[in-house]
Amino acid sequence: MASPGSQIYSVAVIGGGVVGCAVLRRLALAGLRPVLLERGPDILGGASKGNSAILHTGFDAPPGGLELACMQRGYRAYLAVRERLNLPLLETSALVVAWSAVQAARLPEIVAKAQTNGVGDVRPMPLDELFAREPALARTATGAVLVPGEHVIDPWSAPLAYALQALANGAEIRRDCAVTDGRRVDGLWHLDTSRGPLAAAVVINCAGLQGDLVEAICRDSPFTVAPRKGQFVVFDKPAARLLRSTILAVPDARTKGVLLARTAFGNLLLGPTAEDQLDRERAEVDGSVLAELIARGAGIVPALAGERVTATFAGLRPATQHTDYVIEALPAERWITIGGIRSTGLTAALGIAEHIADLYGDSFGPADERPDPAWVQVPNLCEERPRPYQSADCGEIVCHCEWVTRGEIAAALAGPLPAGDLGGLRRRTRCMLGRCQGFYCAGRVAELTAGRFDPPLARARGDAA
Amino acid sequence: MTRPAVETRDVVVVGAGPTGLAAALRLKALGVADVVVLDRETEAGGIPRHCGHTGFGLREFGRLMTGPAFARRTVRDAARAGIELRLGTTVTAIAPDGRLALATPQGPAQLRGRRVLLATGVRETPRPPRLVSGTRPWGVLNTGALQQLVYLKGLRPFARAVVVGSELVSFSALLTLKAGGMRPVAMIEPGPRITARRPGDLVARHLLGVPVLTGTRLVAIQGGARVEGVVVEDRQGQRDIDCDGVILTGRFLPEAAVVDRDVVELDPGSGGPVIDQSWRCSDPSYYACGNLVHPVESAGRCYREGLAAAQAIAADLAGSTSPAAADGMLRVELDGALRYLCPQVVALPVAPPSRWAFNARAAQETRGRLALLADNAAIWSRRIHALPERRLTVPADGLRGLRPRRLRLVLE
C-alpha cells in the first residue's frame, strides 16, 4: 500500500528508455500527471544507449504492421518538433547496396515494398550514379536502391529532450527506482519500488529488455524478451568523409544486416551484428567479432582498413517471438503494454507515444491537452550546428577530442535531470567519447564530477574505498 | 568591406611540451623573436607534468629530475626568455600557408605562422582500437589518465589494478599505482619477453614485488559499472584475475587529430606527419617534431630534437635553405618488416654539415641485417635484433653530398 500522504499519479511509466521518455512527454502534454520510474541511475541505460541512430522511413518494414505505422508517425513527429527542441537532422539519405547477383535480383522487391509502405521516392540507382555519389564504395557493388528520406539523428539528445519537456510540463522522473512488484487495490495500482511504494491510476509498461518481467506484475506476459545483441565499431572523424549516404545491406530473413553511417557527432558507424543471448543486463563486445566486422566494413568501403577506431560498443535489442511490436491497452486492468520495441524504437518513439495517447483516450477517457505547453531546448552535440567551443567566451575546453567545454559539463550536471552516472554525462556532452577515451581529460572530469556519482570516478587518496 | 588582417607571427609552435618549449627557446636564442607557443591545456609543460617519477633531465639540465620538475624547468626557462605562451588555446583546423583556426577562452580566432611547428606529442592506445573483449565498465585507463588522477588531482580511481604491457611507460604505471596507494596485481605482456630495456623488469620484480607474466594476453574485461576482473590467456589456458582496474599502457600514437591530411601528408606507419630531414612537412610552411613524428621517445630526446628543429626553422626563415630542395625530394622505400621510418623523405642534396639519423621501428620482433641502400649500394648496414616499440637508429651520414635516385631501407 502507498504510504499515507504519498502522491497518487495519474500514470506511472515504467522504463526510461527512448519509448518511456516519449510516452512520458506525450502524457504530460496531454495534461496528465505522469511519473517515470527508471531502475538505473540515469535514463537511456538499457537498450536505448546503443543503436544506429537512424531516422527510418519504414521503407523496409513489414507492411501493414503497427511497427510501420508507429515509425512513420514517429518520423513525421520528429521532423515537426525537432527545431523547437533543438534536435539535429543529418540529411544523409541511404543506399541499399547489393554485393552479389542474388542480392541485386532482390532490389526490385525492396522498391516494391517501399511503394506498398507509402515511401514513394525510393528508386533504383544505376551503378555509375552510385559510384559518382559514393566514390569510396567498393567497385564490387552490383546494384543499389536510393532511400532519400532515411536520415541520421542524435540518439541521446532526442530522448533527453522528450524527458526534459515532460518535466517542464508537470511530469516527474524517479531514477534508481526499480519496480519490483505491484497490485491493484480499490482501483489504484500500488507499485513496490526500490525507493518505496507509489500509487498510480494507470501503469504503462515501457520496460524494454525487462518488459516481460514487468508485464508479469499485471498478467502472464504475451511476449518473452529474447535479447539480441548488436556490436558496433565507431571510426574516428576523418573516416566520415568517406561516405555521404548511409550504406544499408540487402536484408535477410533475420536482420537488416550491417550498415555504415555517418553519425551526428561526425564519426562513421559500422554495425550491428545480430547475436541472440540470454543475459538482459550485460552486452559484451568480442574482439574477434569486431575484427570480422571491421573486415566486412572494409569490404564495403576499402579505405576503411586504414582508419582508426574511436570506440566499440554492444547494444541489446528487446526482440520477442513476435515480428511486430506488442502494444495493447487493458482497460479493465488499467494497464498499457508496450513490448518488443527493437532497433526501430528511436524512430518510432514519438509515434508510439501518439498511439498510446489515442489508446489512453479510448480506454480511460479523453485527456485535457495543455493548450500552451512549455518547450525546452537541449544543448546541441551535433557537428553540423554551432557548438559552444565555437562561441565567444567559450571558456575552458575539457575534452579535447570532442571539444566539450567546462560549461557544457557543468550544465549536464545541473538542471532538472542532471547526469546520474558517467554514461549519462557522456551521452549529454560527448565528453570522453572521443579517440583518446579519457587519456587527456579523465583527471579533469573526475575532478569536475566529484561528489556527483555513486560510486565516484575516483576517490581522494585518503578515503576508504 | 575589408577583411581584417589575420595576426601573423614568424613562428607559431603548437604544443607546449618538451619539444615545443625547447624549439621556442632555441628560436629566441637564434634571434627569431616573433614566436608564440599555443597549448590547449591550461598549464604548459606537456606530458612530463604528470610523470611523477624520476628519470628526466640528466642530459638536458645536468641533473636527474622528476617529470614535473622537468616540466617546471622548461616552463620557467620559457618565461625567463620572454616567450609568449597562449594556454587553453586549441587549434581546431589547419589550412595551407600556416593558417590556423583557434578556439580560445575568449572565442574563435585566426592565427597565421610564417612557419608553424606542430609538436602535439603522443598518447597511448586506448581500449577500443585494441579490440579487447568483454563489458565496458569504468576503470580501464591509460597510464597518462592514471598519472593525471594521481599526480595532478590526488585521486585514486581504484584499489587493485592489472597493468597491460611492458614498455617503459608500463613500469611508470606500476610506480604511479604505488604512489597513489593502489596495488598492482600483475603486469601482463603477450610477448615472450618484456618490451622495455632493463632496469624496468628488475624494478617490477624486485622493488615492487609485482608478478610479471610474459606470454600472457588480455582476453576480456569483466564488470558492470566498475571493473570486476579480467580474463587472461597463457600457454596453460584461460584464467581470471581479480582486480578493479586495468591500465592499458603504451602502444603510443601521435596526437595528430588536428593535422588535416589534405593539408599535411600523414604517414600511415607512424601516424604522424611525413617530414624531411629538416622536420619540414609536405606543406613547407609546416614543420613537425618530437613524438608527433616518432612514437615514442623520451622527453629529453624530444627536447633536444626541438632544439635542432629550431635551427632548421631559423635557417629556413633566414632564407639560407630553399623552400623546396634543389634536387627534389626522395621518399625512402621501407621494408615490410618495418612499421615506420622517420624522416620519410630526404631533401636532396643532403647538405654537408647536417648530422642526422633515421629513426625506425620494427612491426614485431625481428632479426637480420638492416641496410640503407642508395640506388643499389649499401651506405650503412648492421645486424639487428629488433623488438617492437624499440628505436632502430639508422645513421644518414653516408648520404652527404649524394644524389641517389632511389633510397631503400631493407632487412635481409
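These notebook entries record what I looked up in a predicted model with chains A and B.

**Entry 1. Conventions**

I noted that residues are numbered from 1 along each chain as its sequence is written, while chains are lettered from A and ligands numbered from 1 in the order in which they are written. Since the model is predicted, local features need pLDDT of at least 70 and side-chain atom pairs count only at pLDDT 80 or more, whereas totals for chains, interfaces and linings use all residues.

**Entry 2. Chain B as a whole**

I began with secondary structure and found eight helices and 29 strands in chain B. Helices (H or I, at least four residues) and strands (E, at least two) are DSSP runs, numbered from the N terminus. The C-alpha trace of chain B spans about 60 × 55 × 45 Å along its principal axes. I then looked up the radius of gyration, which is taken over C-alpha atoms; the globule rule is 2.2 Å times the number of residues to the power 0.38. Chain B has 22 Å, which agrees with the value near 22 Å for a compact globule of 412 residues. Of the 412 residues, 50% count as buried. A residue is buried if 20 or more other C-beta atoms, placed from the backbone, lie within 10 Å of its own.

Two residues are in contact if their C-beta atoms, placed from the backbone, lie within 7 Å.

**Entry 3. A sheet in chain B**

I traced an open sheet of five strands in chain B, in the order E24-E22-E29-E26-E27, with mixed pairing. Two strands pair if DSSP finds at least two bridges between them. In general, strands of a sheet pair through backbone hydrogen bonds, either parallel or antiparallel. Which strands stand at the edges? They are E24 (345-347) and E27 (377-386) of chain B; each has a single partner strand, so one side of each is left without a neighbour in the sheet. Within the sheet, E22 (residues 329-334) and E29 (residues 407-411) of chain B run parallel and are joined by three bridges. I located Val332(B), whose bridge partner in E29(B) is Leu407(B).

**Entry 4. Where chain A touches chain B**

I counted 45 residues from chain A and 42 residues from chain B in the contact. Helix H8 (287-300), strand E17 (309-319), helix H12 (442-448) and strand E22 (459-460) of chain A each supply at least two residues of the side that touches chain B. E17(A) gives the most to this side, with five residues. By type, the residues of this side of chain A divide into 24 nonpolar, 11 polar and 10 charged. Ala, Val, Leu, Ile, Met, Phe, Trp, Tyr, Cys and Pro count as nonpolar, Asp, Glu, Lys and Arg as charged, and the others, Gly among them, as polar. I also found strand pairing between the chains: E22(A) and strand E12 (residues 155-156) of chain B pair in the antiparallel sense over two bridges. Ala460(A) has Leu155(B) as its bridge partner in E12(B).

Conventions: Buried ≥ 20, exposed ≤ 12 C-beta atoms within 10 Å, placed from the backbone.
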